[in-house]
Structures are given as structure tokens and as C-alpha cells.
Amino acid sequence: MARKRPLLRFWGVRGSIPTPGLATSRYGGNTACVELRVGDERIVFDAGTGLRELGNSLNGMRNVRLNLLLGHYHWDHLLGLPFFTPLFKPDTVLDIYGEHKGSGGPEEAIRSQFRAPHFPVDFRVLPSRLRFHHVQRGDSFKLGPVTIHVGRLNHPQGAVGYRAEVGRKSVVYASDHEHAGDGDPGLIEFAHKADVLIYDAMFTNASYAAGKQGWGHSTWEEAVRVAKAAKVKQLFIFHHDPVHDDKRMAAIERALKKAFPGGAAAREGLEVEL
């Protein structure tokens with residue numbers, strides 16, 4: 001039965017590399033993957049290792065149809081695809097969206113994941129139906145009842161963010177992004193009055209100042225500043241640093257909630273009804 005209200009689910013929240021283990025079991029160690037369900041429409045932001053668990057949740061379902069929106073093509077945002085079980089079923093239809101870069105678009109990026117010596121299954125033998133779409137900053141398009149807007153993020157080799165709007169509800173996905181010295185007016189405008197902002201907060205201000213400038217990631221303190229300036233209702237910090245275990249993440253989350261009561265650290269399995 002189709003859901004009546006949009007639902008967000010976090011399948012992977014970690015940045016750069018998976019971090020499995022007891023020390024990260026509370027917040028999760030899988031890399032970026034967030035699902036938005038609106039009625040029968042499934043929209044998935046990024047294909048990190050969290051995508052494997054999403055695929056496992058669909059086992060037994062026939063005629064799976066998904067829209068996959070890729071922010072960029074670094075490994076931590078694609079690693080889940082070769083282990084996404086619906087990809088190996090002929091009745092799956094997967095529409096994949098991503099930015100065109102010098103080396104190609106989403107099709108070229110994904111083909112490279114299914115190529116020796118990286119993976120034993122060649123892209124050409126995948127039985128599912130894959131359809132590729134190029135997007136760029138300023139684009140808008142419809143996915144069923146959802147309108148998607150594409151915005152620019154600041155990340156090495158480029159990245160895009162997405163704003164999903166359905167009715168009066170809106171979700172902004174902004175991973176991976178490094179804050180700018182001009183106050184990020186573009187991102188603040190892009191996220192203006194969003195119900196949910198998912199923001200790259202890999203670092204703290206202290207760790208960022210200690211040599212992480214130019215790495216393409218932001219801080220939880222900057223997340224608060226953007227959320228306040230954009231007047232968003234809920235903020236979820238995302239793309240957690242692989243060196244931050246559950247104890248460190250809990251401390252960051254406590255500080256975040258004091259600074260922005262509508263804030264929280266994203267964790268695997270968290271569901272948010274809009």
C-alpha cells in the first residue's frame with residue numbers, strides 16, 4: 001500500500017569510507033544513502049554502502065522501480081551499487097541521475113564500478129533496466145508527484161545537491177559540501193524554509209581549522225549557521241567523519257541540539273515522516 005505522507009529513511013550516514021564495528025554501531029558505519037518515499041515513488045540520494053541494506057529490504061518484491069540521484073562519483077557514494085540486489089533482477093527499472101563531468105556522466109561512472117579488476121560482473125550482463133539522465137545546476141524535473149531542483153555544492157571535482165518538493169513539504173540533500181567564506185548565500189537560498197536540511201558536517205570548526213581546508217567538507221557549526229539563515233525546520237548533520245565513534249558523535253549531537261533545537265545527527269535506520 002502506498003504511503004500517504006512522505007517518509008525519509010537514512011540507510012547510510014558515514015563519510016569517505018565505511019566504518020563498521022561496535023564503536024560506530026549507534027550512528028552507523030555505512031556510507032551515504034538516503035531514501036525518500038512518496039506514495040509509490042522511491043527516490044534515493046546517493047549509492048554508498050547503505051544502498052546494500054536498502055536493496056536487501058526489497059528482497060521478494062517484484063517490479064522494483066527506483067530513482068537514484070547521485071551527488072558526485074567518488075567511491076564512497078557508489079560502493080553500494082555492485083551489491084544492490086535489485087540490480088541483478090530483470091524486472092528492476094533504475095533511473096539514475098547525475099552531473100556530466102569531463103570523464104562522462106553517471107553511466108560512465110557506474111560502468112567503471114563493473115569493470116575488471118574492480119568487480120567480477122561486467123556492466124553489460126546486468127539484467128536490470130538502467131536509464132541514465134544528465135543534470136546540472138539550475139535544472140528542475142518531476143519524479144511522479146515530486147519536483148526535484150538541482151543546486152551546486154562546493155567539493156573537489158564538483159558535486160550537486162538536490163531539493164525535493166512535494167506539496168508544501170521540502171527536503172534538501174547537501175552532501176558533500178565545503179562552506180564558503182562569503183556565507184554560502186547560494187546554499188542558503190537553495191535551502192530556504194526547507195522542512196528538512198541534510199548537511200555535510202564531517203568536521204568540527206576545530207578540526208577544520210587544523211588542516212582540513214580544501215577537503216570539500218563542512219562542520220556542524222556551519223550547518224547550524226546555514227540552517228538558521230535558511231530558516232529550515234529540521235537539520236540533520238550527515239557524512240560523519242570516520243574517526244568519530246559513537247561517543248564523539250553523541251557529544252557533537254548534544255552541542256548541536258543546544259545550538260539548534262531542531263537539529264540531530266543522522267543515524268542509520270532513522271525514519272522521518274514529513
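This is a predicted model: local features need pLDDT of at least 70, side-chain atom pairs count only at pLDDT 80 or more; totals for chains, interfaces and linings use all residues.

Trainee: Which residues of helix α1 are buried, and how wide is the arc they fall within?
Mentor: Helix α1 covers residues 50-57, and its buried residues are Gly50, Leu51, Leu54 and Gly55. In an α-helix, residues three or four places apart point the same way, because there are 3.6 residues a turn. Seen down the axis of α1, the buried residues line one face, so they fall within an arc of 145°.

Trainee: What covers the buried residues of α1?
Mentor: Strands are part of the cover. Included are β1 (7-12), β2 (33-38) and β3 (41-45).

Trainee: Along strand β7, which side chains point to the buried face?
Mentor: Strand β7 spans residues 140-143, and its side chains alternate.

Trainee: Which residue in β8 stands opposite Leu143?
Mentor: Strands β7 and β8 (residues 146-153) run antiparallel, joined by 4 bridges. They form a hairpin with 2 residues between them, and Gly144 in the turn has a positive phi of about 60°. Opposite Leu143 stands Val146.

Trainee: Is His72 buried or exposed, and which side chain does its own side chain make a polar contact with?
Mentor: His72 lies in the loop between β4 (65-69) and β5 (93-99). Its relative accessible area is 2%, so His72 is buried. Among the residues His72 touches are Asp46, His77, His155 and Asp176. The polar contact, at 3.3 Å, is with the side chain of His74.

Definitions and conventions:
Residues are numbered from 1 along each chain as its sequence is written. Side-chain values use heavy atoms; hydrogens and water are left out. Buried means under 20% relative accessible area, exposed over 50%, partly exposed in between (1.4 Å probe, protein chains only). Two strands pair if DSSP finds at least two bridges between them. The arc is that of the directions from the helix axis to the C-beta atoms. Contact means heavy atoms within 4.5 Å. A polar contact is a pair of N or O atoms within 3.5 Å; within protein, one must be able to donate a hydrogen and the other to accept it, and residues adjacent in sequence count only if both atoms are side-chain atoms.
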